[in-house]
Amino acid sequence: MLIGEVARRSGVSARMLRHYESLGLVRPSGRTGSGYREYSGEDIQRIFHIESLRSLGLSLREIGRALDDPGFTPSALVGDLIRQTRERIAAQTELLTRLRRIDAADPAGWEDVLQVVALLQALESKSAAARQRAALSSADGIPVPVEALVEAALSETEPNVAGALRWALARSGDRGPALLAEGLGSPVAAVRERAVRSLVEMPGGEATAHLRDALAHPDVVVRGYAALALGTQGVADAVPTLIDMIVEGRNDTDAADALSVLASDTATADQIASGLVDHLAHDTTEAPARGRLTQALAGIPGTRASRALVELSRDADRAVALTATYLLRLRDVRAGCARVSGQV
């Protein structure tokens, strides 16, 4: 078979076939009487072998070794190819991500493109000061891609920079909450904590909805941040988690403060008091937890909380009884002051 026919059937150009011959990869088995190259069936099969190996990313030199060296083993070479391919894919993926972020910033000209590129590089800087300046650049009207801000916020370990990134995210628009909510599913606890702390500072109903969902999160840290934020916003769904935090001694003071905010509503105040009393009545509730629960009743108004304190003033646990007695006196003093103020 002549070279033109081989090129048509194999899809390899005549020029490339001549290049293969110059490298010694394929040698036509014969020549015609006119001196034209003539390829045998075995030659054509070798061409297909070469093309197959090229499709795997092997160089022509490596292909020659693979086909001609009986002692050549593919395992090490294939392993290198896998590593190189992964590195190439990672680099291309990083480039694609960067291009998408630039496109999302909707640059009007090359100056805008260069500005966004500089910001993205600054967010990845080893210098905490540079990262912080990049996060705060939105104050100057420079658009910072929200995806880059979220990625930086979820990986930032420097407290001051993390605070600046959360501030920038709160000003970044509507896409931030959904991206941060994805961070709540990270297998890394620190990433989940950064995600929920950023969500807490995001304005709007979408962020609040994600925080409500986070109340059922398996991570107690995530649940705690969500409950504290929702409690200060007056969301009664946070009550059970806040009470659990008091029982477990996790940010119990902040949890009690959040409950007192929620207790401004009479119905919610009675719900909170009932929840605290229910835990106090459990036989499994340990003494320190009972003390914290009793103290939490201090910020809960209403008759349900008052009755609970009266009962607790006679509790077998002397520390609980003393705390309840003290809180009852405080309530009496406040009530007296309120009456005097009303008369005046």
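Glu5 is partly exposed, with a relative accessible area of 24%. Here buried means under 20% relative accessible area, exposed means over 50%, and partly exposed is in between (1.4 Å probe, protein chains only). This is a predicted model, in which local features need pLDDT of at least 70, side-chain atom pairs count only at pLDDT 80 or more, and totals for chains, interfaces and linings use all residues. Residues are numbered from 1 along each chain as its sequence is written, and side-chain values use heavy atoms, with hydrogens and water left out.

Arg9 is the salt-bridge partner of Glu5, at 2.8 Å from N to O. A salt bridge is a side-chain nitrogen of Lys or Arg within 4 Å of a carboxyl oxygen of Asp or Glu. Arg9 and Glu5 sit four residues apart in helix α1, so about one helical turn separates them. Helices (H or I, at least four residues) and strands (E, at least two) are DSSP runs, numbered from the N terminus. Arg9 counts as exposed because its relative accessibility is 59%.

What does Arg9 touch beyond its neighbours within four places in sequence? Its contacts there are Met1 and Phe48. Contact means heavy atoms within 4.5 Å. Ile44 is 35 residues from Arg9 along the chain, and their C-alpha atoms are separated by 9.3 Å.

Is Val6 buried or exposed? Its relative accessibility is 1%, so Val6 counts as buried. Beyond its neighbours within four places in sequence, Val6 contacts Met1, Gly11, Leu17, Tyr39, Ile44 and Ile47.

## Salt bridges across the chain

Opposite charges can pair when the charged atoms of their side chains come close. How many salt bridges does the rule give? The count is 14.

Arg175 and Glu147 form one of them, at 2.4 Å from N to O. This pair links distant parts of the chain, 28 residues apart. Arg175 is in the loop between α9 (159-170) and α10 (176-183), while Glu147 is in helix α8 (residues 146-155). Glu147 is buried because its relative accessible area is 18%. Arg175 is partly exposed, at 46%.

Another salt bridge joins the side chains of Arg290 and Asp315, again with an N to O distance of 2.8 Å. It too links distant parts of the chain, here 25 residues apart. Arg290 lies in helix α17 (residues 287-296). Asp315 is in the loop between α18 (303-312) and α19 (318-343). Both residues are buried.

## A negative patch

Which residues form the negative surface patch? They are Asp103, Asp106, Glu111 and Asp112. Patch members have over 30% relative accessible area and no salt bridge; like charges are joined within 9 Å, nonpolar side chains (Val, Leu, Ile, Met, Phe, Trp, Tyr) within 5 Å. Asp106 is placed in the loop between α5 (74-104) and α6 (110-123). Asp106 counts as exposed because its relative accessibility is 63%.

## Asn251: positive phi in a loop

Most residues other than glycine have a negative phi. Asn251 is not a glycine, yet its phi is positive, about 50 degrees. Where is Asn251 found? Its place is the loop between α14 (239-248) and α15 (252-262). Asn251 counts as partly exposed, at 43% relative accessibility.

Leu77 is in helix α5. Leu77 counts as buried because its relative accessibility is 13%. Leaving aside neighbours within four places in sequence, Leu77 contacts Leu58, Glu62 and Phe72. Ala66 is 11 residues away from Leu77 along the chain, with 9.8 Å between their C-alpha atoms.

Thr266 is in helix α16, residues 266-281. Its relative accessible area is 59%, so Thr266 is exposed. Thr266 and Gly302 are 36 residues apart in sequence. In space, their C-alpha atoms are 7.1 Å apart.

How values were computed
Accessible areas come from the Shrake-Rupley method with a 1.4 Å probe; for residues, only the protein chains shown count as cover. Lys and Arg count as positive and Asp and Glu as negative; His and the chain ends are not counted. The place of a charge is taken as NZ of Lys, CZ of Arg, CG of Asp or CD of Glu.
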